[in-house]
Amino acid sequence: MILFGDRLESRTCNGLLVIGDPHVGSRRPGRRKDPLWPQPVLAKLEHCVAIANARDLAVVILGDLFDRPVETDEGLKSQLIRILKGFRHRPLVNVGNHDIRHMTLTDGDTLALLGLCDVVDVVAASAPVASYGIGGRRVGIGMTPYGQAIPTDIRGSFADVDGQAWFSHHDIAFDAAYPGAVPPFAVEGCDLLVNGHIHKTQKSVTVGRTRWTNPGNITRQSIDLVDHVPRAWVLGADGELTPEPLPFEADVFDLTGRLVEAADDAAVAQAVESAFVTLLQAETATELKRSGDGSILRDEIEARFASDAPSEAVRAIVRSLLDEAVERHARS
C-alpha cells in the first residue's frame with residue numbers, strides 16, 4: 001500500500017534488514033562494465049531475501065528502489081516484483097529522489113504501482129509508520145521521503161515503545177558541510193536516524209540523543225564508489241546497526257583515462273587543463289541540457305582534439321570526464 005500518514009499494524013520480528021538505495025534500472029551506469037545489467041543488483045536483493053527470511057527480519061529500503069521514476073522494461077519489473085514478493089515481511093520503502101518525477105510520489109511513478117499492488121509498502125509522506133517488537137523491546141519507526149522536512153521532535157509519536165528510530169532520504173553533511181546539505185541535528189525523542197541518498201557509508205554522528213547513520217548504497221553506480229563495500233545492515237534489539245556482507249565483484253568499473261603513468265603527469269595535466277576548459281564552459285552554458293547524451297559537447301571536444309592533436313592519454317581523460325558529466329546530469 002501507499003502510506004500518506006497511515007500506520008501499519010504492529011509487527012514482531014528479530015530485527016530490521018536495512019537496504020540502501022538499490023537503484024534498480026535497465027540502463028547500465030556509464031562506467032560499469034558488467035556484461036549483464038542489472039543482474040548484480042537483483043542478485044544482491046535475492047541475497048537480502050535469503051538473509052531476511054532465514055533470520056525473520058523485517059525489511060526497510062532507504063529509497064531509490066528504482067534508478068528512474070518510470071522503468072519501461074516490463075521484464076525487469078516482473079523480475080523485481082518476483083524478488084520483492086519473496087520477502088516473508090513485506091518491505092517498507094522510503095521514497096527517494098530517483099523514484100519520483102515531481103516533488104512527491106504520483107500514480108505515474110513505477111514505485112507507486114508496486115505500492116498499489118501491495119508488493120511493498122511505500123511511505124509517501126513524512127510520518128510515524130509502525131512499531132516493531134524486536135527481542136522483547138518495542139521500537140517505533142517513522143520515515144521522511146526525499147524533499148520533505150525531517151521532524152525535529154517525534155516525542156509522543158508512539159505509545160508504549162522502548163525506543164524510536166527514523167529513516168530519511170536527504171543530503172546530510174556527515175563528514176563536512178557542502179552546499180545544500182543539512183548538518184545532523186537533535187531530533188527530540190529519536191534514538192537513531194538512518195539516512196539513504198548518500199552513496200557511501202558514513203561515520204555516525206551523535207547530536208543530543210540522536211545518532212545519525214548513513215549505511216550507503218548496495219549498488220555502486222559511479223567510479224567514486226570503487227572502494228565502497230556494498231552491504232545490508234541489521235538493526236537489532238540493542239539499537240545497533242550490524243553490517244551484513246553482500247556478494248559483489250570488485251573489478252566492475254572501466255578505468256580508462258583514470259590510470260596514467262607517473263612520468264606523463266606534468267604533460268597530461270597541462271594538456272587536460274586546456275581541453276577541459278571547453279567541457280566546463282559548455283556544461284555551465286547548459287550544453288548538456290541541449291542534448292541529454294552530451295552529443296553536442298562531444299562534437300566540440302572532438303573538434304578540439306583534431307585541431308590541437310593531444311596525446312591519447314589526454315583524450316581518454318577528457319572523454320571520461322565528459323561521460324561522468326553526462327551521467328551526473330542524467331541522475332540529477
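Strand β3 (residues 16-19) is covered on both faces: L16 and V18 on one side, and L17 and I19 on the other, are all buried, where buried means under 20% relative accessible area, exposed over 50% and partly exposed in between (1.4 Å probe, protein chains only). In a regular strand the side chains alternate between the two faces of the sheet. This is a predicted model, in which local features need pLDDT of at least 70 and side-chain atom pairs count only at pLDDT 80 or more, while totals for chains, interfaces and linings use all residues. Residues are numbered from 1 along each chain as its sequence is written, and side-chain values use heavy atoms, with hydrogens and water left out.

Strands (E, at least two residues) and helices (H or I, at least four) are DSSP runs numbered from the N terminus, and two strands pair if DSSP finds at least two bridges between them. β3 pairs in the parallel sense with strand β4 (residues 58-61) over 4 bridges, and L16 has A58 as its bridge partner in β4. β3 is also joined by 3 bridges to strand β13 (residues 231-235), with the two running antiparallel; here W233 is the bridge partner of V18.

The structure also holds 13 salt bridges, each a side-chain nitrogen of Lys or Arg within 4 Å of a carboxyl oxygen of Asp or Glu. In one of them, R32 and D34 have their closest N and O atoms 2.8 Å apart, and both residues are buried. In another, D121 and R90 approach to 3.0 Å. D121 is buried because its relative accessible area is 2%, whereas R90, at 32%, is partly exposed. R11, R90, D118 and D121 are linked in a network of salt bridges.
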